[in-house]
Amino acid sequence: MDATPRNTSLATQFPFAGLPTVDVDFVRPDPALIARVAELPVATLHEAAGKIGALPAAIKPMAPSFRICGPALTVDAPPADNLWLHRALALARPDDVLVVRVAEHYDAGYWGEVMSTMGRARKLGGLVIDGCVRDGAILERFGFPVFARGLCIRGTGKDFAARGWIGYPVRIEDIVIQPGDVIVGDADGVVALPQASIDAIVGAAHEREAKEADIIRRLEAGEASLDIYGWNR
């Protein structure tokens, strides 16, 4: 890993920002492009991208109405420890979506009311965590979108000697998320889309939506799906 000092201006306020495992100065997508992505369903985007980037089905919105869309600020945290999540909250920019790996230690509540309050106040895009959270009823009432594996009341520690990463690639099962990738989530799940391909994915997604609208029209007129798709053989 490159040991060149980063985030030098932030380090005056947050000393940990100068660590070589922290980099928040990556390129983020144009907000206008993010807005175009946000108009589309997650399943459509996944298909339009070539069926890539789907995060584990176990990661669900903590309220059915939650929707998320924004650039990934990636976090790799030690197990049963949420200090690096607090650090990421301090460094995140408006609309960033925290995407958090917790070393596959799911049985802890890494996030709750306090952190959602800070995330909302700082106008972040939301949280996607490959682990559990707590304060479920409060999170739903807050409206700050949280996607997680579930709820867990077990608390977490703050080990200042434990190493974590912010702004570096993270792997959640078979999906590698790069900082700045576009994260989109709705009631169906979460997809991570490569930043470099977003414009093409949006175009393909709109084409797919138009095609499906025509298929729905034909189905409502009485045609069979086997005939429409050419499967009647």
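**Close-up views of a predicted model**

**View 1. Arg-134 in its loop.** Arg-134 is partly exposed, its relative accessible area being 33%. In this predicted model, Arg-134 lies in the loop that connects strand 5 (132-133) with helix 6 (136-142). Beyond its neighbours within four places in sequence, Arg-134 is in contact with Gly-109, Trp-111, Gly-112, Leu-139, Leu-151, Cys-152, Ile-153, Arg-154 and Gly-155.

**View 2. The annotated binding site.** The unreviewed UniProt entry carries the annotation "binding site" for Gly-112, Glu-113, Val-114, Met-115 and Arg-134. These residues span 23 residues in sequence, yet no two of their C-alpha atoms are more than 10.7 Å apart, so they gather at one spot. Gly-112, Glu-113, Val-114, Met-115 and Arg-134 also belong to the lining of the largest pocket.

View 3. Met-115 is located in helix 5, which comprises residues 113-121. Its relative accessibility is 3%, so Met-115 counts as buried, the cut-off for this class being under 20%. When residues up to four places away in sequence are set aside, Met-115 touches Asn-82, Leu-85, His-86, Leu-89 and Tyr-110.

**View 4. A nonpolar patch on the surface.** Leu-226, Tyr-229 and Trp-231 form this patch, and together they have about 330 Å² of accessible area. Trp-231 is found in the segment after helix 8 (225-228). With a relative accessible area of 51%, Trp-231 is classed as exposed, because that class begins over 50%.

Conventions. Residues numbered from 1 in each chain as written. Predicted model: local features only at pLDDT ≥ 70, side-chain atom pairs only at ≥ 80, totals over all residues. Heavy atoms only, no water. Patch = residues over 30% accessible without salt bridge, like charges linked within 9 Å, V, L, I, M, F, W, Y side chains within 5 Å. Areas by Shrake-Rupley, 256 points an atom, 1.4 Å probe, with all protein chains shown as cover. Salt bridge = Lys/Arg side-chain N within 4 Å of Asp/Glu carboxyl O. Helix = DSSP H or I, 4+ residues; strand = E, 2+ residues; numbered from the N terminus. Buried < 20%, exposed > 50% of the residue type's maximum accessible area, 1.4 Å probe, protein only. UniProt positions renumbered as here; feature names shortened; annotations may be inferred. 1 Å grid on protein atoms, 1.4 Å probe; cavity = no way out; pocket = protein on both sides within 12 Å on 5 of 7 lines; lining within 4 Å. Contact = heavy atoms within 4.5 Å.
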